[in-house]
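Have a look at the picture and the sequence, then read on.

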Amino acid sequence: MLARLTPILWFFVTIALTFLGLLAITFVIGRVVPIDPVLAVVGDRAPKEVYDAARLKMGLDDPLIVQFVHYVGDVVQGNLGKAVMTSNPVIEDLARVFPATLEMATLGIIIGVMIGVPLGVWAAARQGSIIDQIIRVIGLAGYAIPAFWLGLVGLVLFYAQLKWVGGPGRIDIFLDGMVTPRTGLLLVDSLIDGDMDSFRSAFSHIILPSTILGFFALAYIARMTRSFMLEQLGQEFITTARVKGAPEWVVIWRHAFRPIRVQLITVIGLSYAGLLEGSVMIETVFSWPGIGNYLTNALLNADMNAVLGATLVIGAVFICINKLSDALYLLLDPRARA
């Protein structure tokens with residue numbers, strides 16, 4: 001029984017230690033940046049006695065180790081401070097903006113997986129052909145094209161010229177506030193309310209930024225899928241299956257693709273985490289009210305509580321997705337547990 005619990009216990013210990021390291025990094029960032037958190041609160045025209053009182057209240061005169069212990073305790077209790085921009089607790093702001101990023105990134109990774117995996121398999125199955133070359137060029141484009149440029153071109157073409165999609169924002173302004181917020185996911189909440197007008201409007205606004213995010217995800221997923229498939233297609237059991245007369249689609253999807261599914265879990269998990277943390281440019285271009293846009297505004301306003309809170313949430317999400325990928329890897333591949 002203890003032998004079974006030990007790997008599980010160690011799994012949660014590694015999560016706790018990783019999160020503690022993330023807290024240490026954000027704490028150090030908050031202390032080394034050339035921004036005085038006291039001035040951000042009291043203003044640069046505050047009298048010295050007001051400044052000193054605020055500094056004392058914020059605990060900035062304590063030793064660094066004491067400040068770090070207090071910081072960890074506050075984070076564990078959900079206290080990330082108050083945002084200067086909104087005068088709201090940072091945790092409330094993040095709870096409001098994060099679902100927008102989650103919704104866009106989730107749709108993006110779905111698009112990336114549904115297109116990227118078949119493209120990677122197709123490229124490997126047709127290695128050296130014109131199809132393979134085209135798919136490889138698409139993969140390279142996903143690394144070379146700047147996100148903000150692709151977003152601007154998409155807005156000009158599909159919104160301003162063709163009128164196929166909605167513009168910046170999450171929903172048309174005359175429908176804003178019509179959906180009852182339950183999950184924070186506008187598509188889900190509009191369906192729960194049965195408000196199809198709001199659903200269509202929200203979908204028309206999210207499809208373009210999600211597709212652009214999905215393009216960057218599929219570029220990486222297709223490249224890794226192709227690499228994994230080429231390795232499998234060169235194995236002896238694939239040659240044996242072909243010699244036995246198995247149809248090519250069976251050889252590719254049943255014999256070659258099945259072993260790489262576990263590897264793809266890690267690739268997809270990292271891609272998903274990357275979309276959640278790397279959507280700053282897309283959210284800025286599309287005026288998307290997500291955590292990336294919130295972080296950008298916080299940086300421009302020197303609001304360190306908001307900056308560190310958003311950074312902490314993004315890092316925590318990355319850790320959780322990475323550890324979940326590891327858990328699925330261990331669950332699906334018995335060899336990894338040996």
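What follows goes from the overall build to the inside of the protein.

Keep in mind that this is a predicted model. What is the protein built from? It has 14 helices and zero strands.

| Property | Value |
|---|---|
| Span of the C-alpha trace along its principal axes | about 85 × 60 × 40 Å |
| Accessible surface | about 18,800 Å² |
| Distance between the mean positions of positive and negative charges | 12 Å |

Carbon and sulfur atoms account for 67% of that accessible surface. As for the charges, there are 24 positive and 25 negative ones.

Now for the inside. The protein has 338 residues, and 40% of them count as buried. How many residues does the largest nonpolar core have? That core has 74, and Leu-94, Met-229 and Tyr-294 are the ones with the most contacts inside it. There is also another core apart from this one, made of five residues, including Ala-123, Ile-135, Leu-218 and Ala-222.

Let's zoom in on Tyr-294. Which residues is Tyr-294 in contact with, leaving aside its neighbours within four places in sequence? They are Ala-83, Met-85, Val-90, Asp-93, Leu-94, Val-97, Ala-306 and Ala-310. Leu-94 turns up here again, having also been listed among the residues with the most contacts inside the largest core.

And across the whole protein? Among contacts with a separation of 6 or more, 71% come from residues 24 or more positions apart.

Methods. Residues are numbered from 1 along each chain as its sequence is written. This is a predicted model: local features need pLDDT of at least 70, side-chain atom pairs count only at pLDDT 80 or more; totals for chains, interfaces and linings use all residues. Side-chain values use heavy atoms; hydrogens and water are left out. A nonpolar core is a set of buried Ala, Val, Leu, Ile, Met, Phe, Trp, Tyr and Cys residues joined through side-chain atoms within 4.5 Å. Buried means under 20% relative accessible area, exposed over 50%, partly exposed in between (1.4 Å probe, protein chains only). Contact means heavy atoms within 4.5 Å. Helices (H or I, at least four residues) and strands (E, at least two) are DSSP runs, numbered from the N terminus. Accessible areas come from the Shrake-Rupley method with a 1.4 Å probe; for residues, only the protein chains shown count as cover. Lys and Arg count as positive and Asp and Glu as negative; His and the chain ends are not counted. The place of a charge is taken as NZ of Lys, CZ of Arg, CG of Asp or CD of Glu.
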